[in-house]
Amino acid sequence: MVIDFDDGSGSVLRIQPLRSHRDEAVYECTSSNAAGLASVSAKLTVLEEDQIPHGFPTIDMGPQLKVVERTRTATLLCAASGSPDPEIHWFKDFVPVDVSGITGRVKQLRSGALQIESSEESDQGKYECVASNNVGTRFSAPANLYVRVRRVPPRFSIPPSNLEVMPGGALNLTCVAVGAPMPYIRWLSGDVELTPPQGTPIGRNVLELTNIQQSTNYTCVATSSLGTIRTMATVTVKALPVAPVGLMVTETTATSLTLNWDSGNNDPVLYYVIQYETRGSGRVFQEVEGVASTRYSIGGLSPFSEYDLRVLAVNNVGRGPPGATVSTRTSEQAPSSPPLAVMARMLSTSAMLVQWEPPEEPNGLIQGYSVLFRPEEEAPLTQWQSVTTDSRLQTTLSGLSPQLTYSLRVLAFTAVGEGPPSETLRIKAQQGVPSPPAELTGEAELDSRVMLSWRWPVQDPITSLELKYWEASTPTRKWQVVLEPTGAYAVEGLKPDTLYCFSLAARSHMGLGLSTLPIQVRTAPSMSVAPPRKVTVHPLNSTALRVSWKPPLMQTQHEQIRGYRVSYAQLQTPEKVLGQASILHLSEPDSQEAIISGLQPETTYSVTVAAHTMEGEGAPSRGRLAITTGAVPSQPTMMISTTISKTALIQWQPPQKMVGEHMGYQLQYKSLEEGVFTVKDFRATDDHFTVTGLLKGATYVFKLCVQNRAGCGQERVKEISLPEDIPDGYPQNFTVVGKSSTGTELSWDPPHLSQRNGRIVQYMVVYRDINSQSNSSHNTSSTRLSLDGLQPDTTYDIRVQAFTSRGRGPLSPSIQSHTLAIPMPAFIKNFTVKMVTRTSVLLTWEVPDALKSGVPLKISYGLHSVEVPCTQLRALIRGLQEDTVYSFVLSSGEVQQQVSVHTPPFLLTTAPALHLHGPKQRDTLALNLPHTTASNLRCYYIVVVPVSEAHADQWTNPDQMNLEELLEKSPEHRQEHRPERSEPYVAARLDTLPAIFTLGDRRVIRGFYNRELSSQENYMCFVLAELEYSQCPHPHHPATPITTQPHPSPTQPHPSPPSHTHHHPATPITNPATPITTQPHPSPTQPHPSPPSHTHHHPATPITNPATPITTQPHPSPPSHTHHQPSHTHHHPATPITTQPHPSPTQPHPSPPSHTHHHPATPITNPATPITTQPHPSPPSHTHHHPATPITTQPHPITSSAEKQKKREGGGTEQHNQCCASSLLF
């Protein structure tokens, strides 16, 4: 059969099945067109299976049935072999597959496989793999490829919702549909297509609606090849409430009205608004908002006044129109103010004419007046004479006594009652003499000036006025001023901040009238600065004035100006201020201009400017008058309604009395957090506007004004607050601003304004150790927090969230803070070696008060340990070996500190001996002193110890005495405070040892008294050598604290450390104690090795010139006495105190190798009493050579002796010293 190509460019001749004889032939393909004819031929040879030659292609792996989902990739495998290697080709539905396209979907891989990317339905078919070489061609078995297409009818996954909207509002309707294939989405309103046909979106369509004025149904249509579906959404425009009906006044009092009405609304009403105004006042209605019921009493009204009232309803859409207006009058009340301008004058010596003006607040119809009068005597008002008149404003009093002074008062009354009387008016019953000036008042204008004023003009013929004034504190000293007839006068030259009294009398040709009762006025405090200069005021428009000035002259500025105060007031008349002055404060000291806004059009204002300093306000400038320009409209009525959809409906009405041509409205609004108002202009016919995109929980300010050709009128200002919600965002800029080993300081900013949704009332910081799943939290109202109580050297994961009154917002992304590590916990400090001798070590430390809990401390060295009370600050360890390194560990719980020390070697090889041929003075003995070639000996002490004869054999070691106590007292006091005869003492201090030394010659040698000897006593004498080491290269190496892991204890005495071994002590402090060592003589059978060269021993930082005990053998007493001299004691002094067992006499001490550095612990000052311990057993033999050291308590500290010894050496450079000794008993 013949299969044509899809594009008509060729065809395929398919012979199936093949027969060897039938189908073998030459086949010709012919192609022709209008241009001509072309042909090509090929011979087909068909072989039987047994005829297939070597190398004929073989299909090793052919394509298999495959099902692939549309848009997925399909791969058909094919592998063939032959010789030579065959080429692979593919056929689909008997037609060759074109794989020549470089970027096509169909590709043939190098392995021969066919790969089809983004499968389509057209790829479905029967595929064959063909392998061919020069030997032959072989077809694989065909395999079908099926492309599966998912077919799902459309359905709405997010259908649109029914919504409500304010009139003029905006909203979005969203419609989402899914299916396979995905449907097209469009919107309809009735039969009107709302989606352009050329841009129909797939799957989702959002319909944006603005300025919605009426309710409408909108239809969403989803269409695919599998069908069409529809759904409808209704947008309802909410209606305003109707006007309430049946308003009536049910109760009336002088100051209140009670109203009743019917709602007239079927739908719920949020509340009602009552509007009222005084009839004929021309003012805008006052409002009472938030009335929840249909009955309400309005208070605070004026008595006997007519009011117009109306009610309107408010729902969640906004305000409805007001109902019908009702007029009524409040009830009468007694006058609340007295008659005004009371005057009197004598018609004759016995008749008086009294006149007045009606009260300012009559509170009803005035029925008449009562004139009260009485000769000037003290009496209750009820005892005054009274004359009652009708509503006329004058009366005549007759029958008065000439030359008497009368007091007058006038009151008004209504049908309800009497009002208050006027101020007392005094007048003398003498014809032609004027009455006192009325309404005398005073005002302090400056710190030295008071302005007085009174009623003027008057009817009396006045020729002059006489003013008297005085300081209230000194009424006997008065000043008097005669004035021309006038109504005001400024009193100058007064003292600042002083209370003055003023009284005024009028004079006529008939004589001087009565003086007014004194009034009191206090002058202003002292002005720190003069008034500003060149103050000018110019109108900007109908509601604003521009004020400019120059600062006061420098010579009048007693204090630095910190700002200005602009005061302005509306004038009712050129001389009368209406209401209270308003103040505009300017905090800039360089200000020279201000804009006063919010004024009334075509109104006169008086403006003053004053500078202010730290001391107060300066003198104000003179008032400058200015009139605002042409009339602009008054305030419009504005109503604001909010919804939960972040919108607000603004409705307004023009003012009742429109001035000029109505040009439109201007609306300004912003949130309190914003700085710039959004401005919207509207036509005169517009009456509402919907503001969208408001923020939850925010407070907004709205300003609305009406415009005419003169400009913008007065603004109606209102604020609204939207309901709060939980924050939508997390705090910003969350960061670590500081940290310590136990805390971290955090800082952040509030959430973004658009995500805040209200006022942030608090924050919660949530944190945890990153190795823990347990969270901790801390609340704060600030944007900064210090987290304390954290673990040192620990990483924490920290987040923060904000709260409004409605709840919490989302947590912020976490940040991490790693607390600082601490070098060591609050533990025992300054564990150090205070003193070192050949056989003992004095350890000291400091214990913080917080650790003195009663748990004992533990000192470990080698295989031994000793407990020390927690209040103890030192311990003396004895029984150590000479020339040996020891490591001491002080433990408290799991925290330890370590310090190492090297005991000094044996340096003195001979003991002192009696010189048999010495001087024979009474109470003296001559000694042969030992000789040494050591270069590191600093000085020597000759120490004498009285020993009783019975115990002479028991004292064999200088370490048995308190060497520290021996040097406790300063040498300067040795002569004045000589020790007892039984106490050891230092006889002399020598820089070098002479061959012969005389004991008891009563000389003072380097501050020590060589006292006379007693023939009744035995003495032990020893030489104490102080060693000086200055080769301490590491005096400040701190001891290493050991935590948790205890220090290993050696099982043998520490051998000398190998070369270049460093022992790091605790850091030394000032004036440490000098290590003291005793150096025993070797036994006859045990020679002492000398220390090797270059050996450096760094003990604890020594004090200056400590004493080292030296054992001496005293000379025999004079011939008349018996001398006891135990054997070998001059050769074998006391054994060093050590924590390791002493070697036997036959065991030589190991010497330290070369270049060994031992860094000692650092001593402290003023340590507590040491504890001496000897945990080791006594040596096995020759106890007279190496006696065991008893356990004793060392009561005296060595610090004081160290300091005093340093003074003996004249201070200077701190030395590192050790000591050795040799002894003699005589």
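# A guided tour by selection

Start at Pro 181, in the loop between strand S18 (169-180) and strand S19 (184-189). This is a predicted model. The bond to inspect joins Ala 180 and Pro 181: a cis peptide, with omega of about 5°.

Now select Gln 16 and Pro 17. A cis peptide bond joins these residues too, with omega of about -5°. Pro 17 sits in the loop between strand S2 (11-13) and strand S3 (25-33).

**Two positive phi angles**

Go to Gln 403. Its phi is positive, about 70°, although the residue is not a glycine. Gln 403 belongs to the loop between strand S35 (394-397) and strand S36 (405-413). Its relative accessibility is 48%, so Gln 403 counts as partly exposed.

Next, Asp 793. Its phi is near 55°, again a positive value in a residue other than glycine. Look for Asp 793 in the loop between strand S66 (784-787) and strand S67 (795-804). Asp 793 is partly exposed, with a relative accessible area of 48%.

**Aromatic rings**

The model has 19 aromatic pairs. Select Phe 91 and Phe 139 to see a tilted one: 5.8 Å centre to centre, 45° between the planes. Phe 91 lies in strand S9 (residues 87-92) and Phe 139 in strand S14 (residues 137-139), so the pair ties together parts 48 residues apart in sequence. Phe 91 is buried, at 15% relative accessible area. Phe 139 is partly exposed, at 40%.

Then pick Tyr 469 and Trp 479. Their rings are stacked, 5.6 Å centre to centre with 20° between the planes. Tyr 469 is in strand S40 (residues 464-471) and Trp 479 in strand S41 (residues 478-483), so this pair connects parts that are ten residues apart in sequence. Is Tyr 469 buried or exposed? Buried, with a relative accessible area of 10%. Trp 479 is partly exposed, at 30%.

For another charge over a ring, select Arg 329 and Phe 304. The charged end of Arg 329 sits over the Phe 304 ring, 4.6 Å from its centre.

**Salt bridges**

There are 30 salt bridges in the structure. Select Arg 279 and Asp 308, whose side chains meet in one of them at 3.2 Å, N to O. Arg 279 is in the loop between strand S26 (271-278) and strand S27 (286-291), while Asp 308 is in strand S29 (residues 306-314), 29 residues apart. Arg 279 is partly exposed, at 42% relative accessibility. Asp 308 is buried, at 12%.

Move to Glu 466 and Arg 507. Their side chains form a salt bridge at 2.7 Å, N to O. Glu 466 lies in strand S40 and Arg 507 in strand S43 (residues 499-508), so the pair ties together parts 41 residues apart in sequence. Glu 466 is buried, at 11% relative accessibility. Arg 507 is partly exposed, at 28%.

Now Lys 696 and Asp 725, a salt bridge at 2.9 Å, N to O. Both partners are in loops: Lys 696 between strand S58 (688-691) and strand S59 (699-708), Asp 725 between strand S61 (716-721) and strand S62 (732-739). Lys 696 is partly exposed, at 24% relative accessible area. Asp 725 is partly exposed as well, at 23%.

**Nonpolar core and surface patch**

Which residues touch the most other members of the largest nonpolar core? Select Leu 929, Ile 942, Val 944, Leu 990, Phe 997 and Leu 999; the core has 24 residues. Strands giving two or more residues to this core include S78 (925-928), S79 (937-947) and S84 (1018-1029). S84 gives the most, with five residues.

For a surface view, select Leu 65, Val 67 and Tyr 146. Together they make a nonpolar patch of about 310 Å². Tyr 146 is part of strand S15 (residues 143-148). Tyr 146 is partly exposed, with a relative accessible area of 38%.

**Last stop**

End at Ser 591, in the loop between strand S49 (576-586) and strand S50 (593-596). Ser 591 is buried, at 15% relative accessible area.

Terms used. Residues numbered from 1 in each chain as written. Predicted model: local features only at pLDDT ≥ 70, side-chain atom pairs only at ≥ 80, totals over all residues. Heavy atoms only, no water. Patch = residues over 30% accessible without salt bridge, like charges linked within 9 Å, V, L, I, M, F, W, Y side chains within 5 Å. Areas by Shrake-Rupley, 256 points an atom, 1.4 Å probe, with all protein chains shown as cover. Salt bridge = Lys/Arg side-chain N within 4 Å of Asp/Glu carboxyl O. Helix = DSSP H or I, 4+ residues; strand = E, 2+ residues; numbered from the N terminus. Buried < 20%, exposed > 50% of the residue type's maximum accessible area, 1.4 Å probe, protein only. Phe/Tyr/Trp six-rings, centres within 6.5 Å; stacked < 30°, edge-to-face > 60°. Lys NZ or Arg CZ within 6 Å of the ring centre and 35° of its normal. Core = buried A, V, L, I, M, F, W, Y, C linked by side-chain atoms within 4.5 Å.
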